[in-house]
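Here is a walk through one protein chain, step by step. Keep the structure in view while you read.

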Amino acid sequence: MTKNISLLGSTGSIGTQSLDVCRMHGYSVKCLTAYGNVGVIENQIREFKPEIVCMMDEKAASDLKTKVADTSVKVLSGMDGLIECATYDGADTVLNSVVGMVGLCPTIEAIKAKKTIALANKETLVAGGHLVTNLAKENGVSILPVDSEHSAIFQALQGCPEKGAVKKIILTASGGPFFGKTADELKEVTAADALKHPNWDMGAKITIDSATMMNKGLEFIEAKWLFDMKNEDIEIVVHRESIVHSAIVYQDNSMIAQLGVPDMRIPIQYALTYPERKPSPVKELKLADYGKLTFFEPDYDTFKCINVCKNAIELGGLHPAAANGANEESVKLFLNGKIKFNDIAYLNNEAMLNAPDKIDFTLDDVLNADKAAREYVLERVK
């Protein structure tokens, strides 16, 4: 069946790999969005011939409009344009790969428009929680995970006879570039050090999140909502080779895991082809090439960002949204040399604890908590 895709965040790492999958299977790309990379999206427009594109940056939208004036594509800008692409009648599947909280509102609007959601934007579920999952249920909309770990769990669950058969899920983590280091050893690491991920080629923000292991904490929260699990039934294990992408444990203690080379095009493709399996542009995994696979307990004393997220989801309500918003701001400050690496976890925790206790929240509450957490971080750094 021909898929008609609206791809949000087409110029980033996930976006460009998503287009590899679309190219291989001949999927029709109806909409593309980006923040401001005019050069890359112009080339994508000329190859994939979308009907609508959106640039979040107004000046970039103006520049793009001039560059593609010889085509029939409609160029939009800002959040309104992003939402128009997310709800476009001509697309049946929205692949959301934008980075950060900006992905929440278009996901919600796409669900209301009854689009199938292929979700790479973890902030949607971290901050939105039950708002998003309840809305998806009400609208009969599937949320198909694109993160490699959540895709692995989703794939492993395909053989599960009933939800009650699952005892727990195991999220694997690469451990990032600083595995084995102590907090003291990380005091003076630079952004350049933190951006050297051993296994994955990702954007700057998610690579820093991997270095602090905040990424795994956010995925812990996301897993709770995607798979309707209790917090105590989600376990994190460090797996340096990034071959076992995650696993489930059944009540009889047998374990089913999904393995593959560390290439995001496998989970991207499964979200787009589900429930079908098709040839992929990814090379086959040869276990003998690796020789051995290793597993370790996370170092919670050094990588305190995991604890921030675990505590946030235990507290519930708006605390996860605050933790996420604070982290987005902290990572920017670290990348710009304004704070130290270890400050990220401290600031995230302080801002998370500062969030209001409100279990029944609205979208406005989430957006306000996000804004307040960012402002809290900036004020503390001042």
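Helices α10 and α11 are roughly perpendicular to each other, because their axes cross at roughly 95° and angles of 65 to 115 degrees count as such. The model is predicted, so this is a computed geometry. Helix α10 covers residues 204-212, and helix α11 covers residues 214-227. Their axes come within 5 Å. Two packed helices are described by the angle between their axes and the distance between the axes. From α10, the residues K205, I206, D209, S210 and T212 take part. They meet M214, N215 and L218 of α11.

Move on to strand β10, residues 244-250. Is this strand mostly covered or mostly open? It is mostly covered, with seven of its seven residues buried. β10 has antiparallel bridges to β8 and to β11. Strand β8 (residues 166-173) is joined to β10 by five bridges. In that pairing, I170 stands opposite A247 of β10. Strand β11 (residues 255-259) is also joined to β10 by five bridges. Here S246 faces Q258 of β11. β10 and β11 make a hairpin, with four residues between the two strands. In the turn, N253 has a positive phi of about 75°.

Now turn to the parallel sheet. It is open and holds seven strands, in the order β4-β3-β2-β1-β5-β6-β7. β4 (74-77) and β7 (143-145) stand at the edges; each has a single partner strand, so one side of each lacks a neighbour in the sheet. From one strand to the next, the twist averages 20°. Look at one pair inside it. Four bridges join β2 (residues 28-34) to β3 (residues 52-55), and the two run parallel. A34 stands opposite M55 in β3. Helix α4 (residues 78-86) packs on this sheet. It touches β1 (4-8), β2, β3, β4 and β5 (93-96). The direction of α4 makes about 150° with that of β3.

Finally, step back to the whole chain. It has 17 helices and eleven strands. The radius of gyration is 20 Å, close to the 21 Å that the globule rule gives for 382 residues, so the chain is as compact as a globular protein of that length. The C-alpha trace spans about 55 × 50 × 40 Å along its principal axes. Buried residues make up 55% of the 382. Among contacts with a separation of 6 or more, 69% link residues 24 or more positions apart. The chain exposes about 16,300 Å², and carbon and sulfur atoms supply 50% of that area.

How values were computed:
Residues numbered from 1 in each chain as written. Predicted model: local features only at pLDDT ≥ 70, side-chain atom pairs only at ≥ 80, totals over all residues. Heavy atoms only, no water. Pairing = 2+ DSSP bridges. Axes fitted to C-alpha atoms, helices over the stretch in contact; angles between N-to-C directions. Contact = heavy atoms within 4.5 Å. Rg over C-alpha atoms; globule rule 2.2 N^0.38 Å. Buried < 20%, exposed > 50% of the residue type's maximum accessible area, 1.4 Å probe, protein only. Areas by Shrake-Rupley, 256 points an atom, 1.4 Å probe, with all protein chains shown as cover. Parallel < 35°, antiparallel > 145°, perpendicular 65-115°, else oblique.
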